[in-house]
Amino acid sequence: MAMLQSMFEIVRDNWLLLLVGQYPNGPLGGISATIILSVLGIALAFPLSVLMALAALSPWRALRWPVTAIVYVTRGVPLLLIILWVYFVLPVLIGQSVPAFTTMLVTLVGYEAAFLSEIVRAGIQALPKGQTDAARALGHSHLGAMRYVILPQALFNMIPSILSQFVSTVKETTLGYIINVPELTFAAGQINNRLLTKPFEVYFILAISYYVVCWSLTLVISVVERRIAARRTSSLTAAASALPATPASASGT
Amino acid sequence: MKGFDLMAVLLNPEFSRMLVHGVKMTFIIFIGSWLLAMSLGMVLVAVRMLPSRIADGLVAIYVSYHRNVPTLVQLMLWYFGISSLLPDSMQMWLSDHNGESVFAIIALGLCQAAYFSEDQRSGLRGVPAGQWEAARALGHSYLGAMAYILLPQAIRNAMPALVNHTVSLFKNSSLAMAIGVAELTHAVKEVENQSFRPFETYLIATLVYLVCSLLLMWLGHTLEQRSRMAGAA
Amino acid sequence: MSNAIPAGEAAPMIQFVAVHKFFGSLAALTDINAEVKKGEVVVVCGPSGSGKSTLIRTVNRLEQIQSGSVLFQGRDVHAKLRSSALNHLRSRIGFVFQSFNLFPHLSALDNVMLSPMKVNGVKRSDAREAALRLLDRVGLSAKAQNYPAQLSGGQQQRVAIARALAMEPPAMLFDEPTSALDPEMVGEVLSVMRTLARDGMTMMCVTHEMNFARDVADRVWFMDAGKVLETAAPGDFFRSPQHPRAKRFLSDLHTR
């Protein structure tokens, strides 16, 4: 129909903007920015989340309580409000203005780390206690047992959940729109402001683009899940396989 | 930066009015979309159980769309996109009658219904097949077996996930600010603009959200404990 | 509803007429012709995979059949029935499962009370009274308020028997009722079943408990590979089985 045709025209006329934003006449934007934000966000959040998970499981209150508090706050406050906080606090802390992209990245790293830490923690706790016992009996220290025995297994099992969190991160990058981060949703907004007469087509294209990206990622996740399940049944016990392989994304946006 | 002064924000009648209104709108959006999501979720599960593969496929597409498209984009598609497709008279009526809130409730409700229906579905699948057989062997009809034996167990199974998603929905109400709904986060930005006290304003909003989320989680936890089948794993 | 035999005093309670059942291309039941008379206790035994459970599950249509008929009190169970008629028929046949299948969200008392109330329309107070009496009959009145997860396997199975009895069925079917129990609990369940038999209940039991069969059964049906190969009184069956496979089955049992 006519709508389909106008959608093609919009994509044809604006594909560069959607792809890379206003680069090189401005910062990198569009879908490239979305992908870079998501990948960097998860990549930086991951090591942080492992540290947080270990802290949450440690026997020292001084480590446990702050981390548990951070996780609760992150789970209880909307991401949008957290973005506003960081947008305000970060320049004050550093003493100079911070571009929106960086603000968004910092927010995402912190936010994802909190959620990931819960996933990692669940993964560690799902391993049978016998693993820790065996490692300690062989003389490993607590951290040594973690590093060589527990974490490798836990993290492997948690790959589907971590990937699932990655999909959530992609969806969460859209919130950068509020502070004018030049990612895909922002680009679509720009196009709509220019065209004004075809909002449905523009936003439908936006929805479909995200759908394709996230759906493909979800497909990858199921393939990975199956591979892991096949490996799992040989070595690990019912306790580990009782965990849902992909919990509905913890942050749920 | 001015010194920390919470009262300057709280006691100012204009600001507190805006914040209170914001909290009110947040709850309207939350409760409206929750009711829509819960009921639609149950309908979706029921439809999925029909012997038709088309029905199953349609619901699967519905769920897939709402889980893979970011919620903010869904909101925008509804408010900017679909509203433009409506006849002019309807558009005018909507803009006079809090159209943003209506679209926000619809968008958030439909999105969350996908999650709720999946939770309810897993809950049902978690009931062992033997239960169904025992119910039928005793002579219960399909509806009777569902009502007295399967659904009570399915709901208990699904509760943790449903509670989690309810809290998500509550937090997602903040997204409605992007389409102009004057809920709490929107109010916070307005107050901050006018009072030049971002720290105090954000703190108030953070506390409100935090307390409400924790309350919801606690409520859910209590419900789970109460309804847990005594001694069950 | 087709009546193959006029339902009279001498009419068999359960009747299998040329019953065939397939799972895909696998023949699960082949040309079963047998009957259980009113007040009879029939034990069905045989090696695993012989089709014993499948057979008993055709009586209340938990399994479908491809040809032949299964009659309960003269009524064809597998005829084209309205769902209300099928539900009513099922409520008249007591069934006890190997895995008990108690409803975990209800107490023992509620498990027993639920179906008389919701299926038969019995008043709550009457249902409660009857349920307490039944729990007492199976020796579990002290556990009325407990939930299944708090009961041992033997106790759960006894509650399951009470639950089935609560519907006041003219016949009870038992599908390996003690196979999932620890050995020390088998006795308590068998003792309930013995009492039922002694009180004149029509029973069809799939079981491996040969002593029970010897003491309580009126007839033993031996099945192998989907066929009923031999039916005899227990004394005759256990002393001098006729069919070669029955002989082998019994000698395998003894050499364990």
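The model is predicted, so local features are reported only at pLDDT of at least 70 and side-chain atom pairs only at pLDDT 80 or more, while totals for chains, interfaces and linings use all residues. Residues are numbered from 1 along each chain as its sequence is written, chains are lettered from A and ligands numbered from 1 in the order in which they are written, and side-chain values use heavy atoms, with hydrogens and water left out.

**Stop 1: the chains**

Begin with chains A and C, which do not touch; their nearest C-alpha atoms are 19 Å apart. Contact here means heavy atoms within 4.5 Å. Two pairs of chains are in contact, and chains A and B share the most contacts.

**Stop 2: the interface of chains A and B**

Select both sides of this interface: 37 residues of chain A meet 41 residues of chain B. Together the two chains bury about 3,600 Å², of which 75% lies on carbon and sulfur atoms; buried area is the accessible area (1.4 Å probe) that two parts lose on being put together, summed over both.

Next, colour α3 (61–76), α4 (79–94), α5 (100–126) and α10 (199–235) of chain A, each of which supplies at least two residues of the side that touches chain B. Helices (H or I, at least four residues) and strands (E, at least two) are DSSP runs, numbered from the N terminus. The greatest share of that side comes from α10(A), with eleven residues.

**Stop 3: helix α9 of chain A**

Select residues 184–195 of chain A, the twelve residues of α9; the helix reaches 17 Å from its first C-alpha to its last, close to the 16 Å expected at 1.5 Å a residue. That expected span is 1.5 Å times one less than the number of residues. Buried residues of α9(A) include A:Leu184, A:Phe186 and A:Ile191, where buried means under 20% relative accessible area (1.4 Å probe, protein chains only). At the start of α9(A), a side-chain oxygen of A:Glu183 comes to within 3.1 Å of the backbone nitrogen of A:Thr185. Just after the helix, A:Leu196 adopts a positive phi of about 65 degrees.

**Stop 4: chain B**

Of the 233 residues of chain B, 52% count as buried.

Note on methods
Buried means under 20% relative accessible area, exposed over 50%, partly exposed in between (1.4 Å probe, protein chains only). A polar contact is a pair of N or O atoms within 3.5 Å; within protein, one must be able to donate a hydrogen and the other to accept it, and residues adjacent in sequence count only if both atoms are side-chain atoms.
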